[in-house]
Amino acid sequence: MGPEDGEYGEWGAGRAPFEEFTMDIATLDALRETLRGPVVGPRDPGYDETRAIYNAMIDRRPAAFARCVDAADVMRTVTFARERGLRLAVRGGGHSGPGLCLVDGALTLDLSLMRWVRVDPVTRAARVGGGSVLGDLDHAGHGFGLATPAGIMSTTGAGGLTLGGGHGYLTRRYGLTADNLIGADVVLADGTFVTVSEEERPDLFWALRGGGGNFGVVTSFTYRLHPVHTVGVAITVWPVENTREVLEWYRAFLPGAPGTSTGSSPCCPCRRDRRSPRRSTGGRCAEWCGAGPATRSGPRWTASSPP
C-alpha cells in the first residue's frame, strides 16, 4: 500500500500518514479561486517536482503550494493562511540549505514564478522579483556592464541571500548584498502591501537588510548597481592537514590585497586525483576572485602564496 492509502509506505517507519500532509478539498478549491497563479496539492500532478529544492536531502511534504505570480497573489495567500490559521512557509529561489522554505503539512507561499529583473542603466539600479535567482540578476546587469555583490552561485535565491546579509565575489569592494539594497516591496503579516526604503518605513527597511526574515514577504527588491567589467575566479585545493598554514597565510594576505580581490576558504571533501597521489586532498579549498579588466582579473600569486 502506498502513502495515498494512509499507510507509511515509502515514507519509512515513524513518519506520519499521508493524510496529515494534505489539505481538505474545499480549502484547496477556495485557495484556487482566490489566486491567479496555480495551487498544487499532494494529489496533483507535478507535486513532487514542485516540492524539490536545491538541497536534495530535504524531503518534506507541504499541504499545498500557492504559486504566486504577482504581489496581489501574495497578499491573498497571506490573508488566506491567517484567516484559516494555517502554518505558512515562504519559498523564494529554493536554495535554503536547511530547507526552511518547506514545512510538512504547512502551506508554502511559492515565489518562484515571480522571476524577473528590470535594470535602469541611468540610475544604476535593478528591481528584482521575489522569486528571482542570482543568475537572473547577473545576466540582466551584465548587458549594461553593471552588477551588485550577490553570492557565488547562480541558483541562489536573491531573497534569501539578501535577507541574510549576502556575501559575494564583489563584497570587499562594494559591501554585502544587504548594503546595496535600496528599496523593497513587502507584504506584511496582515496582508497589507508596503514599500520600504531609507525614507519610507526605515525601521522595517533596517530589519530587512540582514535581519534574516519573518518581517514580511518581500515581493521585489531594488539594488544599487556598480560598474563591473570582468570577474575572474580561481580555486586552489590543499590537503586538510595544511589548513592552519593556509588560513594563516590567508589572514596575512587579504588585508593588504587590492579591494578588487576577495577570497574564501571552505572545508569540503575532495576526490583523490589518481594521476598524482600528492594531489590527494582531505578537504580544504581556497577560492579567489578578482574584478577588473580582463588583463587584471585576479590577484597575482608570488612565492608568498599558500604552502
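A: Here's a chat through the fold, a few residues, the cores and a pocket.

A: First, this is a predicted model, where local features need pLDDT of at least 70, side-chain atom pairs count only at pLDDT 80 or more, and totals for chains, interfaces and linings use all residues. Residues are numbered from 1 along each chain as its sequence is written, and side-chain values use heavy atoms, with hydrogens and water left out.

Q: Okay, how many helices and strands does the chain have?

A: Eight helices and 14 strands. Those are DSSP runs numbered from the N terminus: helices are H or I with at least four residues, strands are E with at least two.

Q: And what share of the chain is buried?

A: Buried residues make up 47% of the 307 residues. Buried means under 20% relative accessible area, exposed is over 50%, and partly exposed is in between, using a 1.4 Å probe and protein chains only.

Q: Let's pick a residue. Where does His 226 lie?

A: His 226 is in strand S11, residues 226–227. His 226 counts as buried because its relative accessible area is 12%.

Q: Which residues is His 226 in contact with?

A: Setting aside neighbours within four places in sequence, the list includes Gly 145, Leu 146, Tyr 174 and Asn 180. Contact means heavy atoms within 4.5 Å. Leu 146 is 80 residues away from His 226 in sequence, yet their C-alphas are 5.2 Å apart in space.

Q: What joins the side chains of His 226 and Asn 180?

A: A polar contact of 2.6 Å. That's a pair of N or O atoms within 3.5 Å; within protein, one must be able to donate a hydrogen and the other to accept it, and residues adjacent in sequence count only if both atoms are side-chain atoms.

Q: Switching topic: which residues touch the most other members of the largest nonpolar core?

A: Val 186, Val 196 and Leu 208, out of 25 residues in that core. Strand S8 (181–187), strand S9 (193–196) and helix H7 (202–208) are among the elements that each supply at least two residues to this core. A nonpolar core is a set of buried Ala, Val, Leu, Ile, Met, Phe, Trp, Tyr and Cys residues joined through side-chain atoms within 4.5 Å.

Q: What else does Val 186 touch?

A: Leaving out residues up to four places away in sequence, its partners include Phe 193, Val 196, Leu 208 and Phe 215. There's also a second, separate core of 11 residues, including Met 23, Leu 31, Ala 63 and Phe 80.

Q: Last one: which element gives the most to the lining of the second largest pocket?

A: H4, with three residues. The lining has 18 residues, and Asp 138, Ala 147, Leu 170, Val 228 and Val 231 lie nearest the pocket's centre. On a 1 Å grid over the protein atoms alone, a pocket is an open set of points where a 1.4 Å probe fits, with protein on both sides within 12 Å along at least five of seven lines, and lining residues have an atom within 4 Å of a point.
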